Structure formats: structure tokens, C-alpha cells
Amino acid sequence: MTEPQYVSIAGEIAQKIRSGALPVGTQLPSYTELAKTHGVSEIVIRSVKDLLVRQGLVRTVQRRGMFVADQPKLVRIAPERQWEDPEVTFGNESAGGREAVTIQREEYRLPADDERASLLRVDVGTEVIHTVVKATVEERPVSISDSYQPSDAPAVSTAEILEETVTDRSAEPAHAEWLRIGANDLIKAVHQRFLMSDGRVLMVSDVSYPKDRYGSFVFRMALDPQE
């Protein structure tokens, strides 16, 4: 999925902020200057500003402009980024792309047990693909996920609906071990369901992050206009 212009431009600015190339308090160029630099309209730059503000990376001062905010925190944006490879997602979050990102993938095929069959709305015994994705940044574990999808399901990129539930809870043992936390320590847990409009489930996924990795989670969805 092609990344929207405003997301790409915001990502470039975010990398400069997180790398220290744009220190706290730095004033960003005006809308007009940014639009000219990136060859886009000022409307696009306003969307860039809105995204950076939501991420806590910049603040606006009336009649003065945009400034790099104090102590910027990572914000996880969904669902646009669900179609990115993890290498891209965590690379964009790292210090200007200068921190080493490592992704490990493991894939298994197995029959659906009662729990997975219920979640995926398939018969018990149906073959499903179990994918485990582990991410580290500079050898620090930052994420682990377990995803399940029917082996005959369409590509998850064709999903029409994404549901996400975010909770603070204790990690599953394998997730706690990967994240190097205690069995009773809390994590930020995201449960995802990728659906077709007819209710067919293409994939379910459980993702665990260190509890303090993200300052907040932002959810976006397309709304069909009322007839």
C-alpha cells in the first residue's frame, strides 16, 4: 500500500527530531516553505502538522509556527501502518534510521484447535498458519506477535476492516521471556482482527510491547458517507 504524502513527509521530520538533528525548541519552516521543499500543497503540510502534533513531536504557537516539543514520545498510528513491514515501522521509529533493527520471523502450519477455530470462524482441524514476529532495536526487544490465519485465506492486505483492542495486562510466558520482563510485569497488548465486510476473518494477531514504549495509540478509520 502506497504511503500517503503527508505520512511520508511527517516520517522524515520525525526521524530528524528523534535523531537530534532537530533539537527541542527548534522552529520548523513555515507551511509555505515546507510545501515548496516537498513539492506539495499547504493542505498536505497541514496534515503533516496534525500528525506530528498527535505524535507529541511538535507544538504550535499561534502566529509563530511549529516548534519541536519537549521529550517527544513514540505514538503508534493505526491502521495505516498495518500494511508496513516491521522493518519499515521500527526503522521509522528509530533514531533517524541509525539504530539497527532486527526482525525474526517463524512460520508454522498446524490444525486449528477449539480456540483458534472460534477466533477465525473455521472448523476445528482446519489448517492455519501461525506466524511469530520478534523485533529488536539495537538489541533491545521492542515487540513480539503471534498471528494466525487460515492457510486458504486471501492476503491480509485485502482486509476491509481492522479491529484493534489495546489493554495493559501481564504477558504470555513466551512474550514475557522475549521482552525480558517478569511474569507479573504489565505490557501494552494489542489484539487485532483483520476482516472482510461480510464478516470473514482473514487473520487474528496478538502483539506485545513494553508498557512504556508508546506514549499513546492513535486509531484512524475510513467512514462511509451516509446515503
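A: A definition comes first: helices (H or I, at least four residues) and strands (E, at least two) are DSSP runs, numbered from the N terminus. Under that scheme Ser170 lies in strand 7. This is a predicted model, in which local features need pLDDT of at least 70, side-chain atom pairs count only at pLDDT 80 or more, and totals for chains, interfaces and linings use all residues. Residues are numbered from 1 along each chain as its sequence is written, and side-chain values use heavy atoms, with hydrogens and water left out.

Q: How many helices and strands does the chain have, and what percentage of its residues are buried?
A: The secondary structure of the chain comes to six helices and 10 strands. Buried means under 20% relative accessible area, exposed means over 50%, and partly exposed lies in between (1.4 Å probe, protein chains only). Buried residues make up 41% of the 227 residues in the chain. Contact means heavy atoms within 4.5 Å, and among the contacts in the chain with a separation of 6 or more, 61% are accounted for by residues 24 or more positions apart.

Q: How should I read the packing of helix 2 and helix 3?
A: Two packed helices are described by the angle between their axes and the distance between the axes. Axes are lines fitted to C-alpha atoms, for helices over the stretch in contact, and angles run from 0 to 180 degrees between N-to-C directions. Here helix 2 (residues 31-38) and helix 3 (residues 42-54) pack at an angle of about 110 degrees, and their axes are 9 Å apart. That makes helix 2 roughly perpendicular to helix 3, given that angles under 35 degrees count as roughly parallel, over 145 as roughly antiparallel, 65 to 115 as roughly perpendicular and the rest as oblique. Helix 2 contributes Tyr31, Thr32, Leu34 and Ala35 to the contact, while helix 3 contributes Glu42, Ile45, Arg46 and Lys49. By class, the contact has four nonpolar, one polar and three charged residues, where Ala, Val, Leu, Ile, Met, Phe, Trp, Tyr, Cys and Pro count as nonpolar, Asp, Glu, Lys and Arg as charged, and the others, Gly among them, as polar.

Q: Which residues of helix 2 are buried, and which are exposed?
A: An α-helix has 3.6 residues a turn, so residues three or four places apart point the same way. In helix 2, the buried residues are Tyr31, Leu34 and Ala35. Seen down the axis of helix 2, these residues fall within an arc of 100 degrees, so they line one face of the helix; the arc is that of the directions from the helix axis to the C-beta atoms. On the other side of helix 2, Lys36 and Thr37 are exposed. The buried residues of helix 2 pack against helix 3 and strand 2 (65-68).

Q: Which residues of helix 3 are buried?
A: In helix 3, Val44, Ile45, Val48, Lys49, Leu51 and Leu52 are buried. They cover an arc of only 165 degrees around the axis, which puts them on the same side of helix 3.

Q: Where is Ser145, and which residues does Ser145 touch?
A: Ser145 is in strand 6 (residues 140-150), and Ser145 is buried, with a relative accessible area of 9%. Not counting residues up to four places away in sequence, Ser145 touches Thr131, Val132, Val133, His175, Ser205, Asp206 and Val207.

Q: How far apart are Ser170 and Asp185 in space?
A: The two are 5.7 Å apart, C-alpha to C-alpha, although Ser170 and Asp185 are 15 residues apart in sequence. At 35% relative accessibility, Ser170 counts as partly exposed.
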